[in-house]
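Subject: Handover of a structure and a summary of findings

Dear colleague,

Please find below the structure that I am handing over to you. After it, I set out what was found, and I would ask you to read the text with the structure open.

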Amino acid sequence: MRAIYPGSFDPITFGHLDIISRSAKIADELIVGVLKNNSKSPLFSLEERVKMIEEVSREFNNVKVVPFEGLLVDFAKSMQADVVVRGLRAITDFEYEIQMAQTNHKLAEQVETMFLTTSLEYSYLSSTIVKEVATFGGDISQFVPELVRQKVLEKMEERRRV
């Protein structure tokens with residue numbers, strides 16, 4: 001089974017890595033699809049996000065990181081993926097995610113969505129929270145791997161200088 005775990009990952013967090021780790025145990029191959037979303041202005045470029053994810057997911061031999069844009073179902077078809085993996089932190093995530101899963105299923109019946117609930121220790125965590133804490137000089141080491149922490153701090157320093 002080939003699965004896709006899509007997202008912006010701006011930046012990747014321990015919550016994302018938890019879903020990657022658990023999905024990699026279920027799927028024969030897991031493709032982490034890094035979305036180029038033109039409607040958002042990310043902290044990191046698409047290339048930077050792909051590179052960071054490759055670095056921090058290196059231990060998983062069945063994980064591949066691939067950038068994409070456009071419809072998720074088109075990406076899933078192009079990757080010949082059977083399943084889309086989505087992480088759920090709270091009931092509010094479920095409302096949005098079920099709507100997206102149903103829409104995707106309508107567009108491509110062969111692509112199923114599998115929901116994994118986030119481990120309790122990461123249920124509050126999001127990339128937005130990481131960026132907000134970092135913006136105000138807070139310690140993000142409990143939210144992201146060390147490599148990512150360093151990259152976030154570098155970006156914040158660059159923004160302060162501008």
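At roughly what angle do the axes of helix 2 and helix 6 cross? The model is a predicted one, and in it the two axes cross at roughly 155° and come within 10 Å. Angles over 145 degrees count as roughly antiparallel, and helix 2 and helix 6 are therefore roughly antiparallel to each other.

The contact between these helices can be described residue by residue. Helix 2 contributes Glu 48, Met 52, Glu 55 and Val 56, which meet Leu 147, Val 148, Lys 151 and Lys 155 of helix 6. By type, the residues of this contact divide into 4 nonpolar and 4 charged, with no polar ones.

Two of the charged residues also form a salt bridge: the side chains of Glu 48 and Lys 155 meet with an N to O distance of 3.1 Å. Because Glu 48 lies in helix 2 (residues 46-56) and Lys 155 in helix 6 (residues 146-161), the pair ties together parts that are 107 residues apart in sequence. Glu 48 is partly exposed, at 30% relative accessible area, whereas Lys 155 counts as buried, at 14%.

In total, the count comes to 9 salt bridges. Another of them joins the side chains of Asp 10 and Lys 131, again with 3.1 Å from N to O. Asp 10 is in the loop between strand 1 (2-7) and helix 1 (14-26), and Lys 131 is in helix 5 (residues 127-135), so this pair links parts that are 121 residues apart in sequence. Asp 10 is buried, with a relative accessible area of 6%; Lys 131 is partly exposed, at 23%.

Arg 149 and Glu 146 form it, and their closest N and O atoms are 2.8 Å apart. These two residues are 3 residues apart in helix 6, which means that about one helical turn separates them. Both partners are partly exposed: Arg 149 has a relative accessibility of 21%, and Glu 146 has 40%.

As an example of the pairing, strand 1 and strand 4 (residues 83-88) are joined in the parallel sense over 2 bridges. Ile 4 has Val 84 in strand 4 as its bridge partner.

Is Asp 18 buried or exposed? With 13% relative accessibility, Asp 18 counts as buried. Leaving aside residues up to four places away in sequence, Asp 18 touches Thr 118, Ser 119 and Tyr 122.

Yours sincerely

Note on methods
Residues numbered from 1 in each chain as written. Predicted model: local features only at pLDDT ≥ 70, side-chain atom pairs only at ≥ 80, totals over all residues. Heavy atoms only, no water. Salt bridge = Lys/Arg side-chain N within 4 Å of Asp/Glu carboxyl O. Helix = DSSP H or I, 4+ residues; strand = E, 2+ residues; numbered from the N terminus. Buried < 20%, exposed > 50% of the residue type's maximum accessible area, 1.4 Å probe, protein only. Contact = heavy atoms within 4.5 Å. Axes fitted to C-alpha atoms, helices over the stretch in contact; angles between N-to-C directions. Parallel < 35°, antiparallel > 145°, perpendicular 65-115°, else oblique. Nonpolar A, V, L, I, M, F, W, Y, C, P; charged D, E, K, R; others polar. Pairing = 2+ DSSP bridges.
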